[in-house]
Structures are given as C-alpha cells and as structure tokens.
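Here is a structure to walk through together. Have a look at the sequence and the fold, and then we'll go through them piece by piece.

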Amino acid sequence: MNSRKVELLLRNPRGEIESKKMFAPAKRLADLAGKRIALITNTKPGARTFLDIVEGLLKSRYPTVSFVKQFDTIVNLAMKPEFYDEVVKNADAFIFGSGD
C-alpha cells in the first residue's frame, strides 16, 4: 500500500467577486390611504392579470388609493437604473408582478 501524502490546492475559478453597494429597503408605509401605487409587470403572461386582481383588492380596502400602470419593464431591472427614478417621481410605493 502506498502511504504517500497527497496535498490538493482548491481554487475558485470565478476569482474575486466585487460586492455591489447595497441599499436598505424603504420603510413600510404606515397606511395606503391616499397613496399612489405603481403596478409594475415584467410583461410575462399572467403578470397583468395578477396585478389587476391585487388592484381590485386594494381598492376595496383603501378607496382613496390610486394606481399608476405605465411601468412595464424587463425582468432584470438592474439594466435600467433610470427606471427607479421614474417610479419614485410617480408613486409612493410599488408592487411588482411577475408572470409565467
């Protein structure tokens, strides 16, 4: 029997990963009454239907809430940072609906 010691060095082939600047989530709204909610879809089948139902449920509970619906986007929002600025200008909060 061979009793030689074998030593292996394991390396990560991906190398060092630069960490991204992280942001804390915004504070939760105390109440939705009178607020503007952006309804955002990833344009996949079923997303708009889901958000239409959510909108109806919220309208019945918060009659003074209004909805902004012009925000359909790509799946990877990191590719469109200006998208966030538009949402912030037009809404107090958002709901993202993903289809499939």
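Let's begin with a term: a residue is buried when its relative accessible area is under 20%, exposed when it is over 50%, and partly exposed in between, using a 1.4 Å probe and protein chains only. What you're looking at is a predicted model, in which local features need pLDDT of at least 70, side-chain atom pairs count only at pLDDT 80 or more, and totals for chains, interfaces and linings use all residues. Numbering starts from 1 along each chain as its sequence is written, and side-chain values use heavy atoms, with hydrogens and water left out.

Now for the overall layout. The chain has two helices and three strands, and along the sequence they follow the pattern β-α-β-α-β. Both kinds of element are DSSP runs numbered from the N terminus: helices are H or I with at least four residues, strands are E with at least two.

How do the strands come together? They form an open sheet in the order 2-1-3, with parallel pairing. Strand 2 (66-68) and strand 3 are the edge strands, each pairing on one side only. From one strand to the next, the twist averages 30 degrees. Two strands count as paired if DSSP finds at least two bridges between them; strand 1 and strand 3, which run parallel, are joined by five. If you'd like a spot to look at, find L39, which stands opposite I95 in strand 3.

Next, the helices. Helix 1 (residues 47-61) lies across strand 1, strand 2 and strand 3, and runs at about 160 degrees to strand 1. Helix 2 packs on the sheet too, touching strand 1, strand 2 and strand 3, and its direction makes about 150 degrees with that of strand 1. Such angles run from 0 to 180 degrees between N-to-C directions, with axes fitted as lines to C-alpha atoms, for helices over the stretch in contact.

Is E55 buried or exposed? This residue of helix 1 counts as buried because its relative accessibility is 7%. Leaving aside neighbours within four places in sequence, E55 is in contact (heavy atoms within 4.5 Å) with L39, F67 and K69. Across the chain, 71% of the contacts with a separation of 6 or more are between residues 24 or more positions apart.

Finally, the pockets. On a 1 Å grid over the protein atoms alone, a pocket is an open set of points where a 1.4 Å probe fits, with protein on both sides within 12 Å along at least five of seven lines; lining residues have an atom within 4 Å of a point. The largest pocket has a volume of about 530 Å³, where volume is the space filled by probe spheres set on grid points joined across faces, edges and corners. Its lining has 18 residues, with A26, V87, D92, A93 and F94 nearest the centre. Helix 2 gives the most to that lining, with four residues. The second largest pocket, at about 250 Å³, is lined by K20, K21, M22, F23 and Y84.
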